[in-house]
Amino acid sequence: MTYAGVLQRYRSLLDIPAHTVAITLLEGNTPLIPLPRLADALGGGFDLFAKFEGLNPTGSFKDRGMTVAIGEAVGRGVKTVICASTGNTAASAAAYAARAGLRCIVLIPQGKVAAGKLAGAVAYGAQVIQVDGSFDDALALVVEITQKQPIALVNSLNPYRLEGQKTAAFEICDTLDSAPDLFCLPVGNAGNITAYWMGFRQYNDLHASGLPRILGVQAVGAAPLVLGHPVEHPETVATAIRIGKPARGEQALQAAEESGGKIIAVSDEDILAMQRTLASEGLWVEPASAAGLAGLAAEVRAGKLNPRGLRVVGVCTGHGLKDPGIITQSMPAPVVLPAEIEALEDAILV
Ligand code: F0G
């Protein structure tokens with residue numbers, strides 16, 4: 001059967017209203033890419049894979065949830081959708097709203113959204129509003145306006161977003177024939193960890209596929225779930241997860257605990273180091289997307305986790321192209337040469 005997106009592939013497993021229509025850009029069906037060199041660097045003797053969600057149509061996992069949230073909104077006659085975003089949700093909402101012919105409004109924290117995400121939201125024709133505040137402030141505003149106006153909220157507080165996002169857990173189980181032993185991912189507003197846990201549990205109930213231990217990873221400067229209280233002024237190079245009051249924080253903590261896992265925080269240095277490590281193995285991901293595997297590496301290197309004999313999956317949630325600025329800041333700029341063969345030979349022959 002021709003692939004037609006996550007809604008068509010998994011509809012019977014999604015708890016969504018019958019009026020939900022298919023608004024799709026053929027999201028999902030992303031590869032599970034082996035990372036043998038990183039596994040070796042962490043001591044070897046285990047299988048490690050990246051679920052590369054940056055290969056979705058707008059470059060992040062958000063598309064899985066957005067196809068469902070927008071399809072549900074269209075089905076009940078909604079004309080306008082809104083979200084707060086650190087960037088990826090904005091780009092995804094804008095694209096799916098464009099596909100459906102809806103008006104889309106996105107609120108982003110001023111100056112804290114990576115260039116590729118802002119450009120995406122603008123390109124797809126959303127009304128982009130920068131808020132002089134944090135993501136958490138923007139989320140509070142969109143929640144309030146949707147209580148007053150006939151505008152649909154497409155943040156992950158919208159339950160249909162999670163229904164779509166849980167399809168990634170189904171795909172992992174389908175590809176591996178069962179759930180991995182250990183599963184790590186970045187945590188921001190905490191919708192995705194909640195959705196994965198729903199998905200793994202549902203597949204286990206249906207197919208006895210087993211359950212992974214979940215390692216959720218925040219950035220040290222934006223780690224409310226590790227600290228146990230909101231962070232007023234979250235700061236991290238991983239702007240996608242620069243969130244101080246996660247909307248689904250309780251569910252995230254529950255998912256980690258029920259699975260026998262935990263939520264930890266890693267430094268920005270560790271996140272950027274893992275971004276480079278993944279790039280050196282051919283996967284360029286945005287900083288937040290490296291956090292899950294950075295957390296795995298930190299746990300293994302600290303002797304807190306022994307992955308030997310396990311099957312481990314890390315989610316790389318968004319593509320490196322989303323945030324080109326971070327690379328130009330952290331890596332040396334390319335040299336400029338005169339267009340002469342001698343200069344080229346001097347530069348490359350050692
Ligand atoms: N990774 C990336 C690349 C993200 O964009 C996000 C969230 C996360 C991880 C964390 O997922 O929020 O479900 O825990 N980005 C949201 C946004 C907040 O607005 O694009 P989460």
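**Figure 1. Salt bridges in the predicted model.** The count of salt bridges comes to 13, where a salt bridge is a side-chain nitrogen of Lys or Arg within 4 Å of a carboxyl oxygen of Asp or Glu. Side chains of opposite charge can pair when their charged atoms come close. The model is predicted, so local features need pLDDT of at least 70 and side-chain atom pairs count only at pLDDT 80 or more, while totals for chains, interfaces and linings use all residues. Residues are numbered from 1 along each chain as its sequence is written, and side-chain values use heavy atoms, with hydrogens and water left out.

**Figure 2. Glu53 and Arg64.** The closest N and O atoms of the salt bridge between Glu53 and Arg64 are 2.6 Å apart. Glu53 lies in the loop between β2 (47-52) and α3, and Arg64 lies in helix α3, so the pair ties together parts that are eleven residues apart in sequence. Helices (H or I, at least four residues) and strands (E, at least two) are DSSP runs, numbered from the N terminus. Glu53 counts as buried at 0% relative accessibility, and Arg64 counts as buried at 1%. Buried means under 20% relative accessible area, exposed means over 50%, and partly exposed is in between (1.4 Å probe, protein chains only). A network of salt bridges links Lys51, Glu53, Arg64 and Glu171.

**Figure 3. Two further salt bridges.** Glu72 forms a salt bridge with Arg76, with 2.8 Å between the closest N and O atoms. Glu72 is buried, with a relative accessible area of 3%, whereas Arg76 is partly exposed at 46%. Glu144 forms a salt bridge with Lys148, and here the closest N and O atoms are 3.3 Å apart. Both Glu144 and Lys148 lie in helix α6 (residues 135-148), four residues apart, about one turn of the helix. An α-helix has 3.6 residues a turn, so residues three or four places apart point the same way. Glu144 is partly exposed, at 41% relative accessible area, and Lys148 is exposed, at 60%.

**Figure 4. Asp63, a buried charge.** Asp63 has its place in helix α3 (residues 62-75). Asp63 is buried yet has no salt bridge. The nearest side chain of opposite charge is that of Lys322, 6.9 Å away; Lys and Arg count as positive and Asp and Glu as negative, while His and the chain ends are not counted. Leaving aside neighbours within four places in sequence, Asp63 is in contact (heavy atoms within 4.5 Å) with Glu27, Asn56, Pro57, Thr58, Ser92 and Tyr96.

**Figure 5. The open sheet.** Four strands form an open sheet in the order β5-β4-β3-β6, and the pairing is parallel. β5 and β6 stand at the edges, each with a single partner strand, so one side of each is left without a neighbour in the sheet. Two strands pair if DSSP finds at least two bridges between them. Strands of a sheet pair through backbone hydrogen bonds, either parallel or antiparallel.

Figure 6. Strand β3 (residues 80-84) is mostly covered, with five of its five residues buried. Thr80, Ile82 and Ala84 point one way from β3, while Val81 and Cys83 point the other way. In a regular strand the side chains alternate between the two faces of the sheet. With strand β4 (residues 103-109), β3 pairs in the parallel sense over five bridges. Cys83 has Val106 of β4 as its bridge partner, and Ile82 stands opposite Ile105 in β4. With strand β6 (residues 152-153), β3 pairs in the parallel sense over two bridges, and the bridge partner of Ile82 in β6 is Leu153. Together, β3, helix α4 (residues 88-100) and β4 make a right-handed β-α-β unit. Right-handed means that, with the strands pointing away from the viewer, the path from the first strand over the helix to the second runs clockwise.

Figure 7. In helix α5 (residues 115-123), the buried residues are Lys117, Gly120 and Ala121. They cover an arc of only 95 degrees around the axis, which puts them on the same side of α5; the arc is that of the directions from the helix axis to the C-beta atoms. These buried residues pack against α4, β4 and β5 (127-131). On the other side of α5, Val122 and Ala123 are exposed. Just after α5, Gly125 takes a positive phi of about 90 degrees.
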